[in-house]
Amino acid sequence: VIGADVDKVYILYAASSLTGPTIGVLVGGLITTACIGGYTNKRALTVCFFVATLASLSAIPIPFFDMLSEVILFLWLVLFFGGFIMPNLTGILLNSVPVKERAIANSVANFFYNLLGYLPSPFLYGLVV
């Protein structure tokens, strides 16, 4: 972001990184359980698809903005929509396996999130840069 105060950028980034996913998880869980009928309802996956589409559409314009407020707004939206999806997908995952295997399914899913998502990301970002 051109001409932005570094401290202001850090504070706004930290605030959006904390509030976006947190509010998204709360809203996503509430909407899924109250309006859709829970994670076992077939419409839950459809809602996840549309919210993931909104997250992708919110991410696309970020590189084209020069103003800090626009970047933070769209970054917050990406994080909000990502947080919105997480309880839904976790609920769908856990309801799609037998009760005895739910702990193992959750562990395997988290293992692969970390292995394929979080572990290579610093290296891949550095490689791209």
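The sulfur of cysteine 35 lies 14 Å from the closest cysteine sulfur, that of cysteine 48, which is too far for a bond, a disulfide being defined as a pair of cysteine sulfur atoms within 2.5 Å. Cysteine 48 accordingly takes part in no disulfide, and the structure as a whole holds zero disulfides. The model is predicted, with local features requiring pLDDT of at least 70 and side-chain atom pairs counted only at pLDDT 80 or more, whereas totals for chains, interfaces and linings use all residues. Residues are numbered from 1 along each chain as its sequence is written, and side-chain values use heavy atoms, with hydrogens and water left out.

With buried denoting under 20% relative accessible area, exposed over 50% and partly exposed the range in between (1.4 Å probe, protein chains only), cysteine 35 counts as exposed at 59% relative accessibility, while cysteine 48 counts as buried at 4%. Glycine 37, at 48%, counts as partly exposed.

Six aromatic pairs are found in a search of the whole structure, where rings of Phe, Tyr and Trp (its six-membered ring) pair if their centres lie within 6.5 Å, and planes under 30 degrees apart count as stacked, over 60 as edge-to-face and the rest as tilted. The rings of phenylalanine 80 and phenylalanine 84 have centres 6.3 Å apart and planes at 55°, so this pair is tilted. Both residues, phenylalanine 80 and phenylalanine 84, are buried, and Trp76, Phe80, Phe81 and Phe84 form one aromatic cluster.
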